[in-house]
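Please examine the sequence and the model shown here. The paragraphs after it lead from the overall fold to individual residues.

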Amino acid sequence: MHLNILDTYNKELPPDDNSENTRRQVFEAGYSYVRPLIPSNPVLIHLSKQLAKDIGLEVKDLTSKEFLEIFSGTTVYPNTKPYAMAYAGHQFGNWAGQLGDGRAINLFEANHNNNQWAFQLKGAGKTPYSRQGDGLAVLRSSIREYLCSEAMYHLGVPTTRALSLMLSGDDVLRDMLYDGNSAYEKGAIVCRVAPTFIRFGNFELFASRQDFKNLKKLTDYTIRHFFPHLGNPCKAVYVELFREVTLRTLDMIIHWQRVGFVHGVMNTDNMSILGLTIDYGPYGWLEGFDFGWTPNTTDRQNKRYRFGNQPNIGLWNLLQLANALYPLVEEEEPFESILKSYQTDFERKSLEMMCSKLGLQTIKESDLKLITLLEDCLLAEETDMTIFFRLLSNYKMGEPMNGISIIKDAFYNLDQLNDDAIGHWNNWFLEYDKRLQLESLTKIDRKKVMNLVNPKYVLRNYMAQLAIDNADKGDYGLIHELFDLLKHPYDEQSSKEKWFAKRPEWARHKVGCSMLSCSS
């Protein structure tokens, strides 16, 4: 197995001068060297063949002993030095201080076709940043991360990727719901891949300690390797870096809202500097359309990270990044201007996104009212978001009274729709029909463009849980099936129609299918 190793992060940024793998505060360093814990009996469950090809691996590499050993942490790739990143962050709105890679170990960076890839093992053992944790991961959370990373990629959502999913052969003790009922579960390791895993929190760490020398080193490094088009680092370029990170972050969140994805734990240490979805923990897709839904048990009371609040949290997190970068610029106005633009840009891009979901190619002044009326209808009755928008593409112009029959399979309680609800839906379809009259697309073309933005298949929590339940029994067939399904989320896939269905009633309150903890 040959990779074109081109390490930069641990060559150009300052290392921790303490080589002991003990929990501690780490100062004036971007990372600490640490070797993965050797698993007792690693077994490859699944890998992303397309990603493997994209990063320069050959088919024969994927079944080799070397692949198994390197991406399980059993051996270290020649002439590389694994490390854990140091960063800080705000968690649930509160400053948490130093955090860092507590259960992630960066193996190396490799270059293929002029694309830089960083490889990281999640669940490969403790690091100096593990705090009270053991640095390990369990099979259920690893399956969720592995499937979701690739599902999001194929949905067109900016995301980190997942190369491989392995059993470690070791049992891991976890208190799944933080209720005092710990139990041993199967350990697992996921190899995550991204151009870089730098987060907002990396900048926050240096800024919070007034370590401006290393803050500048980190920022210059980030510009040099990931935003070179901005030019040579200087105050004006630092501002432009923030502007581009803001735009990328907003783009990512608009995509989340488009597909009904809820991250669940949008702490600043979980925000990628590249605008990638990172750290899949208690995530979920909307079942019933609900701006107030969060999948995170820790967030159940305050619902800080609820679906409808994700754009606001993106702005709040960007403000924290602006505060971290401020010492390099020493002017408030440029940052304030960019943050103000975020709000107007969100309103514009959100409107454009919702219009695209409705099959509207142009933007009219009345569209916001049409969307608001639709949201009122969706919120009034428990209506599956994914199914509703997918079925809406079947609507035939000129037949508003048939609208409900087109979308009826999206309702969780169709037989409980009262006359008022039916009236509201009929009124909305009347307005929708009038609006479609102003468009030039044929029904066939409208259906085609709507189906490119409204997925038919998403990774519902109950689907992931079914795969987890089977995997716990040693049956990995459903992981393979779901992985293949989610590679083509916008296609009809008639043989897989069973997955185009509302959440079953048994999953409404089942652990792992509704609310999830941060250990999920």
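The model is predicted: local features require pLDDT of at least 70 and side-chain atom pairs count only at pLDDT 80 or more, while totals for chains, interfaces and linings use all residues. Residues are numbered from 1 along each chain as its sequence is written, and side-chain values use heavy atoms, with hydrogens and water left out.

The chain contains 16 helices and 12 strands; helices (H or I, at least four residues) and strands (E, at least two) are DSSP runs numbered from the N terminus. The radius of gyration is 24 Å, close to the 24 Å that the globule rule gives for 520 residues, so the chain is as compact as a globular protein of that length. Here the radius is taken over C-alpha atoms, and the globule rule is 2.2 Å times the number of residues to the power 0.38. Along the principal axes, the C-alpha atoms fill a box of roughly 70 × 60 × 45 Å. Of the 520 residues, 58% count as buried, where buried means under 20% relative accessible area, exposed over 50%, and partly exposed in between (1.4 Å probe, protein chains only).

Two pairs of residues give a sense of distance within this fold. G125 is placed in the loop between β7 (115-122) and β8 (137-138) and is buried, with a relative accessible area of 2%. G125 and Y432 are 307 residues apart in sequence, and their C-alpha atoms are 54 Å apart in space. D179, in the loop between β9 (161-174) and β10, counts as partly exposed at 43% relative accessibility. The C-alpha atoms of D179 and R103 are separated by 22 Å, with the two residues 76 apart along the chain.

The buried residues are F200, G201, N202, F203, E204, L205, F206 and A207. Just after α5, Q210 takes a positive phi of about 55 degrees.

Charged contacts form the next topic. A salt bridge is a side-chain nitrogen of Lys or Arg within 4 Å of a carboxyl oxygen of Asp or Glu, and by this rule the count comes to 33. In one of them, the side chains of R199 and D279 meet at 2.6 Å, N to O. R199 lies in the loop between β10 (183-194) and α5, and D279 in the loop between β11 (261-262) and β12 (284-285), so the pair ties together parts that are 80 residues apart in sequence. Both R199 and D279 are buried.

A second salt bridge joins K216 and D220 at 2.7 Å, N to O. These two residues lie in helix α6 (residues 212-226), four residues apart, or about one turn of the helix. K216 is partly exposed, with a relative accessible area of 40%, whereas D220 is buried at 9%.

A further salt bridge links K498 with E481, the closest N and O atoms being 3.6 Å apart. K498 lies in the segment after α16 (477-486) and E481 in helix α16, so this pair ties together parts that are 17 residues apart in sequence. K498 counts as exposed at 56% relative accessibility, and E481 is partly exposed at 27%. Beyond individual pairs, salt bridges that share partners join K122, E145, R192, R199 and D279 into one network.

Phi of E330 is near 60 degrees, a positive value in a residue other than glycine. E331 also lies in the loop between α8 (310-329) and α9 (333-357), and at 45% relative accessibility it counts as partly exposed. E331, E332, E333 and E336 form a negative surface patch. Patches are made of residues with over 30% relative accessible area and no salt bridge, with like charges joined within 9 Å and nonpolar side chains (Val, Leu, Ile, Met, Phe, Trp, Tyr) within 5 Å.

A positive phi occurs at N114 too, near 65 degrees in a residue other than glycine. N114 is found in the loop between β6 (104-112) and β7, and counts as exposed at 75% relative accessibility.

Technical notes:
Accessible areas come from the Shrake-Rupley method with a 1.4 Å probe; for residues, only the protein chains shown count as cover. Lys and Arg count as positive and Asp and Glu as negative; His and the chain ends are not counted. The place of a charge is taken as NZ of Lys, CZ of Arg, CG of Asp or CD of Glu.
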